[in-house]
Amino acid sequence: MTDSAPPLDSPSLYINRELSWIRFNHHVLEEAQDEGHPLLERVKFLSIFANNLDEFFMIRVSGLQRQAAQGVLKAPPDGMTASEQLVAIEKALLPELALQYDCWTKEILPRLYSAGIFIHLYKELDAEQKKALRTFFIEEVFPVLTPLAFDSAHPFPFISNLSLNLAIIIRDPKGKELFARIKVPTGLFPRLVRVPETGAGGHRDNKQVHLVYLEDLVAAHLDLLFPGLEVVGASPFRITRDADLDIEVDEASDLLTTVEEIMEQRARGTPVRIEVDSSMHESTCHMLEKKLGIGSHMLYRIGHPVGMADLMELLSLDRPDLKDPPFQPSIPPELAEEKDIFSAIRKKDILLFHPYDSFSPVINFIRQAAYDPDVLAIKITLYRVGSKSPIVQALLEARENGKAVAALIELKARFDEENNIGWARALERAGVHVVYGVVGLKVHAKLCMVVRREKDGIRRYMHLGTGNYNATTSRVYTDFGMFTCDRDIGYDVANLFNFLTGYARIEKYRKLAVAPVTLRTAIITRIDREIENHREHGGGHLIFKMNALVDQECINSLYRASQAGVTIDLQVRGICCLRPGLPGTSEKITVSAIVGRFLEHARIYYFRNGGDDEVFLGSADLMPRNLDRRVEVLFPVTDPAIKKALLSIILDTELKDNQQLRLMSGDGTYMRKHPESGEAPVDSQLWFLEHPGIWYNAGT
């Protein structure tokens, strides 16, 4: 550390977590702006950007608003108070929202029209189209609508979280203006309604699709809902509510029922944001602010449409010419469906790299266990399962075949509670031992263990991963899974399940690093070891790939390693609170991020360790919640071939990416990396698609 370098606890060395997240979401928006993506894929990124913002307000902004209201003085490492963060968030988001709507209206929408996908304003339709839609409205939509008046005899209606609404101003025959609200039934009908085929305009191209927004359709027929009254105006709006509701586990006699109640409360949380169409009258905006008890800074006046996450519906159109080309995931030859998966695992550890490798071997692992007469038990952790789960189906089959099956289902997996509750009840009915989690901790580890009786005794087979047991997300998230029957790992996994399902308290593990017990120490002591090795022999090198880097103690350790001269490559997809490239502090640290076709979700931790390379994979990011308030697992990669594949093929290719990779500067901004003179372009995700299974033979 030089004399000019600030102390490692100085706020100047840390980027605010929330502002870093906004920069990450900006990368998603940049993908929507990228003309290199097929058109509907650009729509997908625009929808993801909007959905990410919804969750950001429901969880992060709502928490800051509570802190500001309660006068909480404790600040994060960057030193910003809750109130200062709220002001900075609003300032950062306003230009993002402008870019979002410019991207939609000026770039994507005209190209959709050129491709034969027309999203009309109702007033633009011809008479025959309007007639057909009016019939549809009267027969289908009108019966489910409930206009709610607001006056001295009618209290202000409750408006649920993220529901789409119309704020309507009507005038009675005496000239008095009244207010009413209609909830647009997006849960019952598509947000984008197809215009029925009519004879008007002659023959249509089969590829053409004509759509109108559901709220536009409702607004055009308000005469049927308010007969005898003049409709002065109708503007869409949406409310975002606080969804970060704590579960008091210690006081809950029935966790499953408590989570169900919390889900109901989520729809009724405190308002944290109002989004209104730019056409909404000022008086209506003020009325909404007053009745909802929020300040004008919480109202966002935006373009049309309100709630752009719903644009994801366009991905259901049968237009493969406007989407990413499909690909066939590879399967290691030894894991082909007809092969004995247990025999293959006994021979060597096996790595899967999703989505380039198929998820089917993971399903087959459990399915073979379900029907293998020598299998005694199956144990698994389930975090985000999905609505249609072949994994759960395989567990049900195992139970039908008399296997002992235990499933830890994390009911507190935010926004997946409903799916998880449904699967928990189904598994319980089948006789599976279902555990809902650990008091005070969220279980985020990804583990499956099969216990099998063999000639030489009981053997444990494990699948350990960086991602969820979810066949759907495995096609769009980059993750690792590893099969092993390593005895020490098996011993550790067995002990961990005993902790998860019973009262065992394990303070030490043979090979696994487990949060909240040993993981933080495992990371920091290895960084310290790298510092010492570098001081003695040079060549110190750390490569960490993760989703988020927030934890101050881990960041301090990385700063100390940089000051000692250790080369550090960090690939952080999302939030990064560390500032790279600061003189005297982080000159040896580079931070990069890849946002592309697939969501980078894998975690890799590499320590050069004086040439005796150590590599860990797992579920944990370097965040306080992962290290201190969750059950997480990092597992070692000891097989030389897998280690070589991870380092020489996968990580090396990702760090050389000069198409999708962005490099972070010390001020928290990012610049996209481009090929240098004479350098070939490298898109790591595309390269992996074009070289399926190349990592299988890395050691040969």
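The model is predicted, so local features need pLDDT of at least 70 and side-chain atom pairs count only at pLDDT 80 or more, while totals for chains, interfaces and linings use all residues. Residues are numbered from 1 along each chain as its sequence is written, and side-chain values use heavy atoms, leaving out hydrogens and water.

**Stop one.** Select strand β1, residues 117–120; strands here are DSSP E runs of at least two residues and helices H or I runs of at least four, numbered from the N terminus. Ile-117 and Ile-119 on one side, and Phe-118 and His-120 on the other, are all buried (under 20% relative accessible area, 1.4 Å probe, protein chains only). Val-209 is the bridge partner of Ile-117.

**Stop two.** Next, show the open, mixed sheet of 6 strands, ordered β2-β4-β3-β7-β8-β9. Its edges are β2 (148–150) and β9 (299–302). Zoom in on β8 (271–277), which runs parallel to β9 over 4 bridges, with Ile-274 opposite Leu-299. Helix α8 (282–292) packs on this sheet, touching β2, β3, β4, β7, β8 and β9 (contact is heavy atoms within 4.5 Å).

**Stop three.** Finally, select Asp-216, Ala-219, Ala-234, Ser-235 and Ser-279, the closest to the centre of the second largest pocket among its 23 lining residues. A pocket is an open set of 1 Å grid points, where a 1.4 Å probe fits, with protein on both sides within 12 Å along at least five of seven lines; lining residues have an atom within 4 Å of a point. β7 gives the most to this lining, with 5 residues.

How values were computed:
Buried < 20%, exposed > 50% of the residue type's maximum accessible area, 1.4 Å probe, protein only. Pairing = 2+ DSSP bridges. Axes fitted to C-alpha atoms, helices over the stretch in contact; angles between N-to-C directions.
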